[in-house]
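Reader: I'm new to this structure and I'd like a close look at one thing: how its side chains pair up. Please give me a bit of background before you get to the pairs themselves.

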Amino acid sequence: MINSQKKKTGVVAPKRFVQRLKKQNELFRSYMHQDAHGFLNFLLNELVDILEKEAQAAKNEAETSSSSEKTANGSKNPQANGVKKEPLVTWVHKNFQGILTNETRCLRCETVMARDEAFLDLSLDIEQNSSITSCLKNFSSTKTLNAEDKFFCDKCCSLQGAQKRMKIKKPPHILVIHLKRFKYIEQLGRYKKLSYCVVFPVELKLSNTVEDADSEYSLFAVVVHVGSGPNHGHYVSLVKSHNHWLFFDDENVEMIDESAVQTFFGSAQEYSSNTDHGYILFYESLGANNN
C-alpha cells in the first residue's frame, strides 16, 4: 500500500497494519507481551518473503507472455538450462542489509579462514556505564578458542586452538543496533532486565569494526523499553522527522528536545526509579553513495 501511493510518502493506518500482522502470525493474536526485537526480525524477514514471491510471480508471468509471443512467431524459447539464479535484492536488503566477516586464525599453522554472512541488525552485549562505541569494540574484539572451544582446522586436519573475530565488511545504509538488555541469570533461573547506562550518540563513527575508512551514521529513531522486568512493560519510540525529535507513546505524540534523548541511556545505578531504557537504535548512513 505504501509503495503504490501516488503521494511521495505513503501511510498505512496502524489498525490495518496490526490486523494484517495478526493474520500473518498467531503470536501477535493474543494480549501477551511480545519482544520488539523479535517483532522487528519477523517483520523484515516476512517482508523479504512477500517481496520475493511477488517479484517471482511477476517474472513468471512476463516469461510466460514472452514465450507465448515467440511460439506464435515460430521461434523457440532460447532459455539456457543450469543458469544460476541471482538472488533478488529487495528494498529491505538495500536499506538494512550489511555483511559481516567471521575470521578464524589457526594458532598452529596461522591459516586464516574468513566466512561472510549477511545481517539485518546487530545484537550487542552491554556493560554498566558503557557506550555504543565500546560495545562495538567488544563485538569485534579477538577471542581465543581453546579447550572445549577448539575448532577443526582443514589444513592441520585436527582440532586446534584459534583466534576468532567478527568485523563489519560492508556497513548497511540503515544500521539497526539491538542492545541485549534481557539476560538469563543462572542463579535466579530466569531472565533479568539489565538497566545499564549505555550512551548512544546522535552521531556515530564505525571506525573500529570496518575494514575501509570510517563510516559515519546519524541516529534517527530509538525504541525504548519501559519497565523493570523482561516479561512485562511498555514500548515507546523516539523518531527524528524534519530535524525535530518526536516522542510516540501509543496514540500520544509530542515534540521533544534532542537533549531529552540522553534520558533514555539507562540507569547509572542498578536500583533506580528510571525504567525507560533505549533498546533498539536506528542509525542512518551519512555516506555520499546513499540517497
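Author: Counting contacts in the chain with a separation of 6 or more, 62% come from residues 24 or more positions apart. Keep in mind that this is a predicted model, where local features need pLDDT of at least 70 and side-chain atom pairs count only at pLDDT 80 or more, while totals for chains, interfaces and linings use all residues. Residues are numbered from 1 along each chain as its sequence is written, and side-chain values use heavy atoms, with hydrogens and water left out.

Now the background. The chain has four helices and 18 strands; helices here are DSSP runs of H or I with at least four residues, strands are runs of E with at least two, and both are numbered from the N terminus. Of its 291 residues, 32% are buried. Buried means under 20% relative accessible area, exposed means over 50%, and partly exposed is in between (1.4 Å probe, protein chains only). The chain exposes about 19,000 Å², with carbon and sulfur atoms supplying 50% of that; the areas come from the Shrake-Rupley method with a 1.4 Å probe, and for residues only the protein chains shown count as cover.

On to the charged pairs. Side chains of opposite charge can pair when their charged atoms come close. A salt bridge puts a side-chain nitrogen of Lys or Arg within 4 Å of a carboxyl oxygen of Asp or Glu, and the structure holds six of them. One of these joins D116 and K169, at 2.8 Å from N to O. That pair links distant parts of the chain, 53 residues apart: D116 is in strand β2 (residues 112–119) and K169 in strand β8 (residues 162–170). D116 is partly exposed at 41%, and K169 is partly exposed too, at 36%.

E117 has a salt bridge of its own, with R115, where the closest N and O atoms are 3.1 Å apart. E117 is partly exposed, with a relative accessible area of 28%.

Then there are K205 and E216, whose side chains meet in a salt bridge at 3.9 Å, N to O. K205 lies in strand β13 (residues 203–206) and E216 in strand β14 (residues 215–226), so this bridge ties together parts eleven residues apart in sequence. K205 is partly exposed at 44%, and E216 is partly exposed at 38%.

Next, the rings. A pair of aromatic rings is described by the distance of the centres and the angle of the planes. Rings of Phe, Tyr and Trp (its six-membered ring) pair if their centres lie within 6.5 Å; planes under 30 degrees apart count as stacked, over 60 as edge-to-face, and the rest as tilted. A search of the whole structure turns up eight aromatic pairs. Take F28 and F42: their ring centres are 5.7 Å apart with the planes at 50°, so that pair is tilted. F28 lies in the loop between α1 (14–24) and α2 (36–72), while F42 is in helix α2, so the pair ties together parts 14 residues apart in sequence. F28 is buried at 13% relative accessible area, and F42 counts as buried at 17%.

Over at F200 and F265, the rings form an edge-to-face pair, 4.8 Å centre to centre with 75° between the planes. They link distant parts of the chain, 65 residues apart: F200 sits in the loop between β12 (198–199) and β13, F265 in the loop between β17 (252–256) and β18 (276–285). F200 counts as buried, with 1% relative accessibility, and F265 is buried as well, at 14%. Going back to F28 and F42, these two form one aromatic cluster together with F39.

Most residues other than glycine have a negative phi, and most peptide bonds are trans. C157, in the loop between β6 (151–153) and β7 (158–160), has a positive phi near 55° without being a glycine. H242, likewise not a glycine, has a positive phi of about 50° and is found in the loop between β15 (234–241) and β16 (244–249). C157 is exposed at 56% relative accessibility, and H242 is exposed with 72%.

Methods. Contact means heavy atoms within 4.5 Å.
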